[in-house]
Amino acid sequence: MEPFTLVDSVAAVVAIPNLDTDRIVPARYLHNPRSAGYGQFLFYDLRFGADGQERPDFVLNQPSHRTACILIGDANFGCGSSRESAVWSLHGFGIRVVIASSFGDIFFENCFKNGLLPVVLSEADLMRLRADVAKQPLVPVKVDLERQHIEAAGGESFGFSIDPFRREILLLGLDDIGVTLQHAASIDAFEQRRAGQFPWL
Amino acid sequence: MNTASPTSLFEKIWQAHAVTQAPGGRTLLYVDRHLLHDGSFHAFDAIRAAGRTVRRPERCFAMPDHYIPTLPAQRSAPADKFRIKIETLTRNTSEHGIVHFGANDVRQGIVHVVGPEQGITLPGVTLVCGDSHTSTHGAMGALAFGIGASEVGHVLATQTVWQTMPRLMRMRIDGRLPAGVSAKDLSLAMIASIGAAGGTGHAIEYSGEAIRALDMEGRLTLCNMSIEAGARCGLIAPDDTTFEYLHGRPHAPTKAFWDQALAYWRTLRSDDDAVFDTEHVIDAGTLEPMITWGTSPQDAAPIGGVVPDPLQAQNAASRAGMEAALAYMGLKPGTPMASIQIDRVFIGSCTNSRLADLRAAAQVVKGRRARVPTFVAPGSGLVKEAAEAEGLDKVFLDAGIEWREPGCSMCVAMNGDIAEPGQRVASTSNRNFQGRQGAGVRTHLLSPAMAAAAAVTGVLTDHRKLI
């Protein structure tokens with residue numbers, strides 16, 4: 001996985017609460033292999049009308065925000081289905097940071113496997129950030145994972161917290177399985193112990 | 001590692017599976033049971049690309065459910081894009097020596113129906129699957145949660161998964177559900193009460209008199225819907241209802257092992273001094289059949305109620321959300337729920353496709369005719385067989401209702417079972433998200449009996465008036 005670096009980009013605001021993973025990537029595209037590139041399916045029914053034409057009012061269709069790397073959402077972003085392709089779609093489109101007041105638990109976990117940083121801000125901070133971005137939508141927002149810090153256009157800044165294990169995974173671009181296999185001896189010992197204790201399993 | 005004696009059911013199972021801990025509080029949990037389906041191909045692709053193997057194939061169980069056609073004619077000759085997924089699962093499981101209930105196996109069905117039905121899901125085990133409705137299995141007293149594709153690959157390769165201990169919520173359901181009010185209604189009322197994010201970051205343990213009185217199928221329905229409240233897992237302490245359900249199931253322990261297991265399972269409950277981060281109480285006796293009116297499972301109202309008015313919303317954001325939901329659903333505030341006309345009905349999904357669900361629907365349908373296109377997709381081949389043995393298929397067919405083959409079908413709408421744009425569907429499934437059952441489709445979630453009532457009247461109807 002590619003290491004996560006400082007992100008400095010305009011931020012696209014999609015202020016929809018409970019934005020579920022079905023809307024992030026509709027189920028009808030999930031038969032595609034990952035190599036097909038899931039960025040093209042991102043927010044499909046929000047980005048495109050029933051006629052297949054782009055909806056010009058949707059933020060990611062605006063020329064200024066087509067290459068945005070930061071997405072600002074609302075509460076319970078990525079709730080619903082466990083489809084990791086929701087994260088692949090965001091990442092494939094170029095998004096590296098999603099900021100929201102809360103996330104669906106599985107989506108949140110999936111982000112860290114793919115170099116996407118989910119940032120949780122309090123509702124008040126999220127509103128402050130969105131207000132700041134609304135005032136100067138073309139000014140980049142800076143997200144610094146190393147310092148756990150966001151700097152917005154109008155000079156507003158926000159700290160955020162993140163579990164150190166997950167932070168390291170992102171910063172170093174570590175492969176989870178590789179990390180876990182370092183514990184192979186513990187897993188072996190656990191299995192042996194468990195087989196004695198719970199022989200019916 | 002926390003060495004204090006655990007007091008809650010969740011912590012007891014968690015601690016029994018903790019292999020090691022990482023700085024920052026992450027725990028490496030051992031996985032006893034891993035369910036795989038025809039959408040799991042990404043994970044097999046990933047471990048193959050990394051040159052890894054499956055560590056414990058005997059702990060994995062696979063079956064096609066997401067992509068498999070439910071129309072009998074398509075079942076034997078699926079469209080290419082579905083056939084490839086089904087064949088890929090056959091190939092992946094055979095390559096790695098994983099038990100596979102294939103398309104022609106009577107044991108095939110929706111993973112969350114088949115796990116308990118086969119006794120693969122047992123009290124006290126950890127169970128994962130690359131599907132958010134894995135919360136279902138908590139009904140048997142298992143610690144069960146959905147994971148993403150990378151985690152599926154991780155479990156295949158290591159038989160473990162990194163987790164952060166969630167907060168614990170106790171949802172106590174006092175009293176008894178009135179006649180005609182089901183576990184589905186309870187779950188929708190619960191989600192309406194705490195919100196679709198009310199359980200985020202939590203494991204929910206359901207307790208109380210109404211839970212003890214619920215049959216196994218009702219408990220599975222309730223735990224299934226935990227994810228719709230944002231909780232990754234739901235949990236019910238196993239009791240005699242659980243043990244009677246499990247005894248004699250193909251993968252359940254037998255003889256001396258059964259006795260040994262049973263003695264352990266009886267310790268699996270929260271102690272009186274267990275501490276929960278969040279507590280809620282619901283009085284089951286006050287509940288009515290529930291139906292959703294919006295585009296989140298939290299948007300639910302009793303059948304006797306009306307479509308709510310966004311002007312009554314607590315704040316501007318919530319008002320905007322309601323307005324968008326009503327615009328998508330094509331509904332006006334104040335409309336009685338029991339006057340909404342529907343275009344079609346779906347009875348099935350991991351939420352409501354078990355024998356008890358089909359019986360409840362058949363009881364309403366019996367002697368009547370469906371007024372709108374309706375089909376039933378049983379949860380597994382064995383559910384289908386059992387339903388046919390008691391003539392339920394005939395009740396549906398006589399009413400002009402299609403009787404299909406098992407699979408996820410129009411819940412996730414990935415196998416070609418989709419509705420038309422603008423159609424209004426009464427559905428026993430779990431998600432009324434925009435576009436879930438097809439682009440532009442409007443979904444109303446409800447119980448099997450309520451879905452049957454909608455089918456025979458063409459309008460959302462209190463099924464209790466038909467019995």
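Two strands count as paired if DSSP finds at least two bridges between them. Strands themselves (E, at least two residues) and helices (H or I, at least four) are DSSP runs, numbered from the N terminus.

This is a predicted model, in which local features need pLDDT of at least 70, side-chain atom pairs count only at pLDDT 80 or more, and totals for chains, interfaces and linings use all residues. Residues are numbered from 1 along each chain as its sequence is written, and chains are lettered from A and ligands numbered from 1 in the order in which they are written.

**Stop 1: the sheet in chain B**

Select β17, β16, β15, β18 and β19 of chain B; in that order they form an open sheet of five strands with parallel pairing. β17 (402-403) and β19 (442-445) of chain B are the edge strands: each has a single partner strand, so one side of each lacks a neighbour in the sheet.

Next, select residues 344-347 (β15) and 374-376 (β16) of chain B, which pair in the parallel sense over three bridges. Within this pair, V345(B) is opposite T374(B) of β16(B).

**Stop 2: two helices in chain B**

Show α13 (residues 355-365) and α16 (residues 448-457) of chain B. Their axes, lines fitted to C-alpha atoms over the stretch in contact, come within 8 Å and cross at roughly 30°. Angles run from 0 to 180 degrees between N-to-C directions. α13(B) and α16(B) are therefore roughly parallel to each other, a term for angles under 35 degrees.

Display the side chains where the two helices meet. On α13(B) the contact is made by D357(B), A360(B), A361(B), V364(B) and V365(B), and on α16(B) by P448(B), A449(B), A451(B), A452(B), A453(B), A455(B) and V456(B). Contact here means that the C-beta atoms of two residues, placed from the backbone, lie within 7 Å. By class, the residues joining α13(B) to α16(B) are 11 nonpolar, no polar and one charged. Ala, Val, Leu, Ile, Met, Phe, Trp, Tyr, Cys and Pro count as nonpolar, Asp, Glu, Lys and Arg as charged, and the others, Gly among them, as polar.

Keep α16(B) selected. 10 of the 10 residues of α16(B) are buried, so this helix is largely enclosed by the rest of the structure. A residue is buried if 20 or more other C-beta atoms lie within 10 Å of its own. Among the elements covering the buried residues of α16(B) are β13 (290-292), β15, α13, β16 and β18 (424-427) of chain B. After α16(B) comes G458(B), with a positive phi near 80°.

**Stop 3: chain A**

Switch to chain A, which has eight helices and eight strands. Its C-alpha trace spans about 65 × 40 × 25 Å along the principal axes. Of the 201 residues in chain A, 42% are buried.

Pick F93(A), in helix α3 (residues 85-93) of chain A. F93(A) is buried, with 22 other C-beta atoms within 10 Å. Beyond its neighbours within four places in sequence, F93(A) is in contact with G39(A) and L42(A). For a distance check, take F93(A) and R166(A): they are 73 residues apart in sequence and 23 Å apart in space, C-alpha to C-alpha.

**Stop 4: where the chains meet**

Finally, show both chains: 42 residues of chain A are in contact with 57 residues of chain B. On the chain A side, the elements that give two or more residues are α1 (21-24), α4 (105-112), α6 (164-172), α7 (176-181) and α8 (184-197). That side of chain A has 18 nonpolar, 12 polar and 12 charged residues.

Methods. Buried ≥ 20, exposed ≤ 12 C-beta atoms within 10 Å, placed from the backbone. Parallel < 35°, antiparallel > 145°, perpendicular 65-115°, else oblique.
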